[in-house]
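Subject: Structure handover

Hello,

Here is the structure for you to look over.

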Amino acid sequence: MDCAKFSITRDEESWIVSIDNIATPVVCILSGFLQHNFGPKRILMLACFPYMCGWATAAVAAHLRSVYLLYVSRLFVGAGHGFIGTTIYTVEVSSREFRGSFSIFEGVLRSVGMILVYTCGAFLPWYQIAYWAPVFPFAAFLVLLHSPESPVYLVAKGRLEEAEESLTKLTHDNYDVSAKMKTISKAIENQEKQKRVNKIDYIKHFKSYPELYKPFFIVTVLSIVQQFSGATVIRGYVVKIFGHVFKKKVEHLISGNFTHLCVCECEVGPPLSQSAYYSAIFIGIVRLLASLCLTKLLVSFRRRTLYAVSSFGTILSLSVFATILLLSDHIDSWRIDESEDLLNWMSVVSACVLVFCVNLGVQPMPLLMSSELYPSELRAFCKGISRSFTCLLIVVSLKLFPLLEDGIHLYGSFYVYSGVVFLFFPFIMYILPETKDLSLSQINAQFVKQDTTIEKWTVHSSRS
């Protein structure tokens with residue numbers, strides 16, 4: 001376990017964790033315009049460069065011992081997240097049966113990346129990881145060079161031969177490409193007839209377009225719960241949280257001159273238990289398993305069912321995790337020293353259960369809904385707006401966590417997150433639509449039904 005390269009304050013730490021989400025909203029809004037004009041595939045290729053620059057800047061920051069260069073590195077990462085998080089490529093190249101699974105598959109690959117970084121972080125200093133990490137976004141760029149462009153984008157631009165060629169690459173031999181071309185063309189033609197207005201008009205008369213304000217409201221509420229479910233905090237502070245959990249064990253080892261779990265000769269910053277890094281790896285593996293399960297479950301189960309099960313499991317596991325943290329903090333005063341190791345690893349297990357449950361619905365649902373609910377002519381733009389708002393929530397969540405920890409301790413923070421999910425659950429189940437096995441045009445049509453009465457928000461919920 002390597003020592004810290006240079007010291008940072010607690011406020012600087014929270015900025016390093018969250019500042020990438022300040023760049024992301026700007027890029028999210030720009031991404032919609034760029035995808036509409038240059039194509040989703042090209043913008044995905046563009047997204048590879050900020051990631052490469054981010055890692056390179058991090059390596060330079062370590063060499064110069066500059067926290068400000070670390071900020072710049074994180075801003076590059078935020079720019080990459082902005083392009084990746086708003087891409088409409090996946091939803092436009094996949095069939096309706098696998099649309100949800102492929103939309104979530106990005107989370108699977110992100111989990112693999114997190115496991116790899118956590119594992120390397122347990123044995124290598126972070127600045128050494130930054131030296132070779134740009135290889136991965138560069139490899140992604142090379143793969144995208146040989147990938148087909150979105151057929152929806154190509155048809156919208158009148159490039160019909162290229163669209164047919166793209167569909168041929170994306171489908172099996174017996175697939176009726178001509179029928180799919182007609183479906184895409186008809187959907188785009190109908191949308192153009194219905195809405196021959198620009199984005200500024202949509203914004204000025206937002207309340208006149210239920211196909212916009214209803215999806216936006218649904219995604220916004222889902223995002224609020226997502227960011228205050230504890231998942232974002234665990235992802236951002238996982239090593240720190242379990243460094244706190246195993247802190248007393250480290251102190252005992254230091255006092256007894258045992259160093260097999262930690263390196264205690266650090267000039268900058270206190271040592272962290274190696275168990276904190278192992279815990280991060282375990283949680284990364286669980287997140288990967290949850291993402292893999294979700295890609296399968298989305299094919300078989302309805303969205304509302306998955307969200308309900310995920311919420312219930314999240315509330316329960318948050319409460320259990322908070323209770324174990326409470327017991328760990330009072331282990332000395334309550335004289336339960338013999339249970340210290342058991343409580344420490346129980347906290348890891350409960351956190352793993354929490355990560356598994358939250359990634360079955362609470363965490364991925366805003367991204368999935370933002371891909372499915374918005375009309376195609378504004379999908380990239382609206383998804384960018386929603387993602388921008390989510391990024392602001394991430395900053396608030398990550399900056400608020402140290403304040404909550406100081407005020408009500410670590411266990412109190414997770415009790416609060418449990419309460420947030422619990423309070424919002426009935427309302428979300430009331431407004432969340434069911435979109436499984438529906439085409440994107442069918443989903444959009446449900447929001448624009450001509451009805452002077454107040455429509456029930458649970459569009460197509462009878463299917464659940």
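Below are notes on cavities, a surface patch and salt bridges.

One caution first: this is a predicted model.

Cavities

The structure holds three cavities of 30 Å³ or more. The largest cavity has a volume of about 110 Å³. Its lining is made up of 13 residues. Nearest the centre of the largest cavity are M114, A231, R235, R287 and V355. The largest share comes from α14, with four residues. By type, the lining of the largest cavity has eight nonpolar, three polar and two charged residues.

Surface patch

There is also a nonpolar patch on the surface. Its members are F98, F102, F105, L109, F123, L124, Y278, F282, I285, L289, L292 and W345. Together they have about 1,100 Å² of accessible area. Helix α16 gives the most, with five residues. I285 is in helix α16. I285 counts as partly exposed because its relative accessibility is 36%, which lies between the 20% and 50% cut-offs.

Salt bridges

The count of salt bridges comes to eight.

E405 and R10 meet through their side chains, at 2.9 Å from N to O. This pair links distant parts of the chain: E405 is in helix α20 (residues 379-431) and R10 is in helix α1 (residues 10-18), 395 residues apart. E405 is buried, at 15% relative accessible area. R10 is partly exposed, at 36%. A network of salt bridges links R10, E405 and D406.

K399 and D11 form a salt bridge too, at 3.0 Å from N to O. K399 lies in helix α20 and D11 in helix α1, so this pair ties together parts that are 388 residues apart in sequence. D11 has a relative accessible area of 46% and is therefore partly exposed.

D20 pairs with R74 in a salt bridge, with 3.2 Å between the closest N and O atoms. D20 is in helix α2 (residues 20-38) and R74 in helix α4 (residues 67-85), so the pair ties together parts 54 residues apart in sequence. R74 is partly exposed, at 24% relative accessibility.

Best regards

Methods: Residues numbered from 1 in each chain as written. Predicted model: local features only at pLDDT ≥ 70, side-chain atom pairs only at ≥ 80, totals over all residues. Heavy atoms only, no water. 1 Å grid on protein atoms, 1.4 Å probe; cavity = no way out; pocket = protein on both sides within 12 Å on 5 of 7 lines; lining within 4 Å. Points joined across faces, edges and corners; volume = space filled by probe spheres on them. Helix = DSSP H or I, 4+ residues; strand = E, 2+ residues; numbered from the N terminus. Nonpolar A, V, L, I, M, F, W, Y, C, P; charged D, E, K, R; others polar. Patch = residues over 30% accessible without salt bridge, like charges linked within 9 Å, V, L, I, M, F, W, Y side chains within 5 Å. Areas by Shrake-Rupley, 256 points an atom, 1.4 Å probe, with all protein chains shown as cover. Salt bridge = Lys/Arg side-chain N within 4 Å of Asp/Glu carboxyl O. Buried < 20%, exposed > 50% of the residue type's maximum accessible area, 1.4 Å probe, protein only.
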